[in-house]
Amino acid sequence: MDVYVQAIGKILTSSGFAGLTMGHILMLLVALVMLYLAIGKGFEPLLLVPIGFGCLLVNLPLSGIMDDGGFLRYIFYGTEHEIYPVIIFMGIGAMTDFAPLLANPVTFLLGAAAQFGVFIALFGAMLMGFSVKEAASIAIIGGADGPTSIYLTMKMAPQILGAVAVAAYSYMSLVPLIQPPVIKMFTTKADRAIRMDTLRPVSKLERILFPIVTTAAAGLILPMSVPLIGILMFGNLLRECGVTDRLNLAAQNEILNTTTIFLGLSVGATMNAEHFLTAATLKIILLGLVAFVFSTAGGVMFGQLLKKLSGGKINPMIGAAGVSAVPMAARVVQRVCQKENPGNFLLMHAMGPNVAGVIGTAVAAGVMLTLLS
């Protein structure tokens, strides 16, 4: 009998219940909420499902899954050394059509203007007591680009990766809720009804030269941006050159999907109760919202300037698509414009600043790395 009692006692003391704390319980609830939003509401499911499940795994006490030699610890290696975000940029490049940007290059300025919130949040985070490197990592949330946020945070402030990643992907998924009120705040009904001329056709030569020239220019002007912009453009060259269809399909599908799973799990693995349940996390989530709102506002306000300079030919709403949430932000602009004028189609016009925003956020990250590393 004593043997059985001892065996039962050993099982109980080595079970997860023995190490379960209130913090673990709260984080398990957070994991369930993330899974609900992803599965039940469809908010960024390709990333929130792995992140939420990673959070679930790491908050099960005594599993050792994130300890040295644990499964998630090995998976995390790819995030820790910035491998996954860069590979995801290759997949994004392979899926992205830069023709709307090439057809109307002035919209590149809207992608730059939509980084306004990044710099507002940078100073706000410093005023709230974060170090300049932590502030830079928080501020980049305003670009609405999850891989860039993870890449910069791992280089500058890895201790806040979980909070930054969750904020970045949460606000990306909430683009359809956050952006319309901001757009309407800075535009009139007449603004939103403006029709834009049809975009010109873009030649195959332009499509091929764009990723090559952009990579060379970025490398010479801002070398720290090369890992992101260079690999983004490599993925785009696979798409546009016409002789690498198999590689293009692999970059868009198998490689991107596999990397997304590993990135999501490893980000979720940083959300253990000890590091995530802090006052700093709440500040980061608040500052991320501020960054995102001001980035949207900055894009729309610059759109107003371009409207005046073009004699009313540019709809200022497309500036809201200057954040990097591709193609969701462009679709939001299209949805808002059709409520005002059902026959108006701005989607392709909005895709110009939208894809420019991907480059703009990577450039902003490169600037911060250059100045602060």
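Start by selecting R192 and E340: their side chains meet in a salt bridge, 3.0 Å from N to O (a salt bridge here is a side-chain nitrogen of Lys or Arg within 4 Å of a carboxyl oxygen of Asp or Glu). R192 sits in helix 14 (residues 189-192) and E340 in helix 21 (residues 328-340), so this pair ties together parts that are 148 residues apart in sequence. Helices (H or I, at least four residues) and strands (E, at least two) are DSSP runs, numbered from the N terminus. R192 counts as buried, at 9% relative accessibility; buried means under 20% relative accessible area, exposed over 50%, and partly exposed in between, with a 1.4 Å probe and protein chains only.

A word on what's on screen: this is a predicted model, where local features need pLDDT of at least 70 and side-chain atom pairs count only at pLDDT 80 or more, while totals for chains, interfaces and linings use all residues. Residues are numbered from 1 along each chain as its sequence is written, and side-chain values use heavy atoms, with hydrogens and water left out.

By the salt-bridge rule the count comes to 9, so let's visit others. Pick R200 and E206: their closest N and O atoms are 2.8 Å apart. R200 is partly exposed at 38%, and E206 is partly exposed too, at 28% relative accessibility.

Next, R239 and E240, whose side chains form a salt bridge at 3.2 Å, N to O. R239 is partly exposed at 29% relative accessibility, whereas E240 is buried at 9%.

Now for the inside. Which residues have the most contacts inside the largest nonpolar core? Select I138 and V333; that core has 104 residues, and helix 22 (residues 347-372) gives the most to it, with 11 residues. A nonpolar core is a set of buried Ala, Val, Leu, Ile, Met, Phe, Trp, Tyr and Cys residues joined through side-chain atoms within 4.5 Å. Zoom in on I138 and, leaving out residues up to four places away in sequence, you'll see it touching A125, F130, I160, V164, I284 and L287 (contact means heavy atoms within 4.5 Å).

Head to helix 3 (residues 22-39), where L32 is found. H24 is in helix 3 as well, and at 8% relative accessibility H24 counts as buried. Beyond its neighbours within four places in sequence, H24 is in contact with G19, N59, P61, A273 and E274. L32, by contrast, counts as partly exposed at 48% relative accessibility.

Select L20, M22, I25, L26, L29, L32 and L277 together and show the surface: they form a nonpolar patch with about 610 Å² of accessible area. Patches take residues with over 30% relative accessible area and no salt bridge, joining like charges within 9 Å and nonpolar side chains (Val, Leu, Ile, Met, Phe, Trp, Tyr) within 5 Å. Accessible areas come from the Shrake-Rupley method with a 1.4 Å probe; for residues, only the protein chains shown count as cover.

Finally, zoom out. The chain has 22 helices and 0 strands. Its C-alpha atoms fill a box of roughly 90 × 45 × 40 Å along the principal axes. Buried residues make up 53% of the 373 residues.
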